[in-house]
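Q: Please take a close look at one part of this model, the place where one chain meets the other. Which elements take part there, and how are the chains around them built?

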Amino acid sequence: MNKVYNNRAWLLVLPMLILVAFSAIVPLMTVVNYSVQDVLGPNASFFTGTEWFRAMLNDPELQAAFLRQIVFSLTILAIQVPLGIGIALIMPKRGWQASAVLILITLPLLIPWNVVGSIWQIFTRGDIGLMGWGLRQLGVDYNITRDGTDAWLTIILMDVWHWTPLVAMLCYSGLRSIPDAYYQAARIDRASKWAVFRYIQLPKLTNVLVIAVLLRFMHSFMIYAEPFVLTGGGPGSSTTFLSQSLTTMAVGQQDLGPSAAFSIIYFLVILLVSWVFYTTIMNMQKDKNSQGGA
Amino acid sequence: MSWMVWTVPTAIFFSAIAAMLAGMTVWEIVSPTIERKGFLPISTTRGDRLFVGLLSAAFIHLGVIGYTSLSIWLALAASLAWLLVLMRWG
């Protein structure tokens, strides 16, 4: 089939472009304008040049939050991706069990983020929460408001509970799309379960896994509501992630200039990571197409 | 427009970006881009290379502003040179 290229089709994007201009581009321009000034009020602003950027890049608290953010994102990826694949592999493949398990697994994804925070906040309380109380009865000194390690482990556990289902669902749909012929060929070769996984299932899952990693990375990098409700960034600042630092600065302290500079840096990092992921996905599909064509 | 608190430098910055986009559009109409592979590990179109150039320019500026005492104009010059190299051989 021959595709018709007609650049006038771009005109169809125009309404969307106008919408995006008002919802994203104009606000982003304003943020850039704020980042180089000290705005005190209407008609009272001073040009500060690159001062805010220099201050933000050298702020030890923000550097710590950035590091924490990266450690957090990498940790949950290292747990959720293998776990999601594992769950997808053992999920029933047909019949009513398949539907039942799918629904059960999807449930955490349907819960609003700050409700997830509240659920875990209550769940981990030492006096009434099942997990907090239970652990104390077992003799573990567990307290997320006092112990930074406990708070970290709980946030990671919460994120794994909330988002592994997404990875599992993506992998499940990827597994479903593998034609039976592959498995039949593997049976003829008397391939082991591991060989089937390594040479049939995993390669066929690459595409959905890249999407899963991208989605999970982006979302965990911008995580806000769940840790904010669960620990409030504490104890101390041991679980304060980037978006919470930003909110504290912009809304709490009304430091608009510095937080604008910080937003731009944050945005650039996210833009870079998204671009790298996007290019990787696109290149993988291109390779696949050229292989298919050959 | 006063709520957007425009300054001359940011106005110049956004005008330059807009001019680049307009220029790229005209260039594309006059002679459509051909995807090719240069020293970058991926094959790119002209627009891809401009994007990579602009994004790396942003990080060059951040690096210079945050962690050196060099002039920001030096960062701009380095970014422009890098952009040209990228557009030609990237």
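A: A helix here is a DSSP run of H or I covering at least four residues, and a strand is a run of E covering at least two. The model under discussion is predicted. With those terms in hand, one may begin with chain B. Residues 6-30 of chain B are 92% helix and 0% strand, and the C-alpha atoms at the ends of this span lie 34 Å apart. Residues 72-89 of chain B are 100% helix and 0% strand, with end C-alpha atoms 26 Å apart. An unreviewed UniProt entry lists both spans under "transmembrane region". Chain B is also divided into domain 1 (1-32) and domain 2 (35-90), and 18 Å separate the centres of these two domains of chain B, taken over C-alpha atoms.

Where the chains meet, 22 residues of chain A are in contact with 16 residues of chain B. On the side of chain A that touches chain B, two or more residues come from each of α1 (14-35), β1, β2, α2 (51-57) and α12 (256-293) of chain A. Of these, α12(A) gives the most, with seven residues. By residue class, this side of chain A comprises 13 nonpolar, eight polar and one charged.

The two strands named above deserve attention. Strand β1 (residues 37-41) of chain A runs antiparallel to strand β2 (residues 44-47) of chain A, and four bridges join them. Within this pairing, A:D38 stands opposite A:F46 in β2(A). The hairpin of β1(A) and β2(A) has two residues between the strands, and A:N43 takes a positive phi near 60° in this hairpin.

How values were computed. Residues numbered from 1 in each chain as written. Chains lettered and ligands numbered in written order. Predicted model: local features only at pLDDT ≥ 70, side-chain atom pairs only at ≥ 80, totals over all residues. Domains from an automatic or database assignment. Pairing = 2+ DSSP bridges. UniProt positions renumbered as here; feature names shortened; annotations may be inferred. Contact = placed C-beta atoms within 7 Å. Nonpolar A, V, L, I, M, F, W, Y, C, P; charged D, E, K, R; others polar.
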